[in-house]
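Dear colleague,

Please find the structure below, together with its sequence. My notes on what was found in it follow directly after.

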Amino acid sequence: MINLLMVLADNDEAQKIYEVLRGSKCHFDCYCAHNAPEALKMLDENKMELIILDADLRDGSGLELAQQIRRLACYQFTWIIFLSQDNQYEVEAYRKIRCYDFVVKPYHEELLLATVEMLSRYKITDVSEDDRVVVTFKHRDSYLRIPARDILYFEVFGNNSTLYTYTEEYLLKKMSLRR
């Protein structure tokens, strides 16, 4: 059984996709949200393996919602398929969100179903509690998120620190041990 969340602006479109999914060989538990707060609540209450997300929601941007979803540890690698009226957000969706697919409306439901069925064969396993604990550091111009279980030790010299993991070492300038 695959838990699938649809976050769509149009109720008719949601119903049409639901009907197509019901005819599938795969078994889906479909959840439907119409706005960001509803979607986040459903994601919190149920582990979703796949998300179909409208880039143009009534109450805001689907891309902003996707960024919120990606910040949740257990949804960092969950498949997201975007639906949109045009492709103006496509590059951003692939680069920032790391979505699986970006589908421009109108689309063929059979092609969407084929993609969903293919992804359902590769169900993502749950993230353990040990994998959820991460430590975040400012490193150069971006933020570095290291799973706590990968950290070996810190070396501090003055106002600079070096973080050692099993595979890398990171110089953290102007980062005291206290900070």
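Is E92 buried, partly exposed or exposed? At a relative accessibility of 31%, E92 counts as partly exposed, because buried means under 20% relative accessible area, exposed means over 50%, and partly exposed is in between (1.4 Å probe, protein chains only).

Before going further, please note that this is a predicted model, in which local features need pLDDT of at least 70 and side-chain atom pairs count only at pLDDT 80 or more, while totals for chains, interfaces and linings use all residues. Residues are numbered from 1 along each chain as its sequence is written, and side-chain values use heavy atoms, with hydrogens and water left out.

Overall picture

The chain has 179 residues, of which 39% count as buried. Six helices and twelve strands are present in the chain; helices (H or I, at least four residues) and strands (E, at least two) are DSSP runs, numbered from the N terminus. Taken along the principal axes, the C-alpha atoms fill a box of roughly 60 × 35 × 25 Å. The chain exposes about 11100 Å², and carbon and sulfur atoms supply 49% of that area; accessible areas come from the Shrake-Rupley method with a 1.4 Å probe, and for residues only the protein chains shown count as cover. Among contacts with a separation of 6 or more, 53% are between residues 24 or more positions apart, where contact means heavy atoms within 4.5 Å.

The interior

The largest nonpolar core has 23 residues, and the members that touch the most others are L5, V7, L53, L65, I80 and F82. Such a core is a set of buried Ala, Val, Leu, Ile, Met, Phe, Trp, Tyr and Cys residues joined through side-chain atoms within 4.5 Å. At least two residues of this core come from each of strand 1 (2-7), helix 2 (36-45), strand 3 (50-54), helix 3 (62-71), strand 6 (79-84) and helix 4 (90-97). A second, separate core of 19 residues includes L4, I17, I52 and Y107. Neighbours within four places in sequence aside, the contacts of L5 include Y31, A39, L43 and I52.

Helix 5 (residues 109-120) has twelve residues and reaches 16 Å from its first C-alpha to its last, close to the 16 Å expected at 1.5 Å a residue; the expected span is 1.5 Å times one less than the number of residues. Its buried residues include L112, L113, V116 and L119. Among the elements that cover the buried residues of helix 5 are strand 1, helix 1 (11-22), strand 2 (28-33) and strand 7 (101-104).

Salt bridges

How many salt bridges does a search of the whole structure find? The search finds seven, a salt bridge being a side-chain nitrogen of Lys or Arg within 4 Å of a carboxyl oxygen of Asp or Glu.

One of them joins the side chains of K16 and E109 (3.3 Å, N to O). K16 lies in helix 1 and E109 in helix 5, so this pair ties together parts that are 93 residues apart in sequence. K16 is partly exposed, with a relative accessible area of 44%, whereas E109 counts as buried at 18% relative accessibility.

D54 and K105 form another, with their closest N and O atoms 3.0 Å apart. This pair also links distant parts of the chain, D54 being in strand 3 and K105 in the loop between strand 7 and helix 5, 51 residues apart. Both D54 and K105 are buried.

Elsewhere, salt bridges that share partners join E13, D54 and K105 into one network.

Backbone and surface

K105 is also joined to P106 by a cis peptide bond, with omega about -5°. P106 is found in the loop between strand 7 and helix 5. R98, in the loop between helix 4 and strand 7, has a positive phi of about 60° although it is not a glycine. At 44% relative accessibility, R98 counts as partly exposed.

On the surface, L152, Y153 and Y166 form a nonpolar patch with about 360 Å² of accessible area together. Patches are made of residues with over 30% relative accessible area and no salt bridge; like charges are joined within 9 Å, and nonpolar side chains (Val, Leu, Ile, Met, Phe, Trp, Tyr) within 5 Å. Y153 is found in strand 10 (residues 151-157) and counts as partly exposed at 44% relative accessibility.

With kind regards
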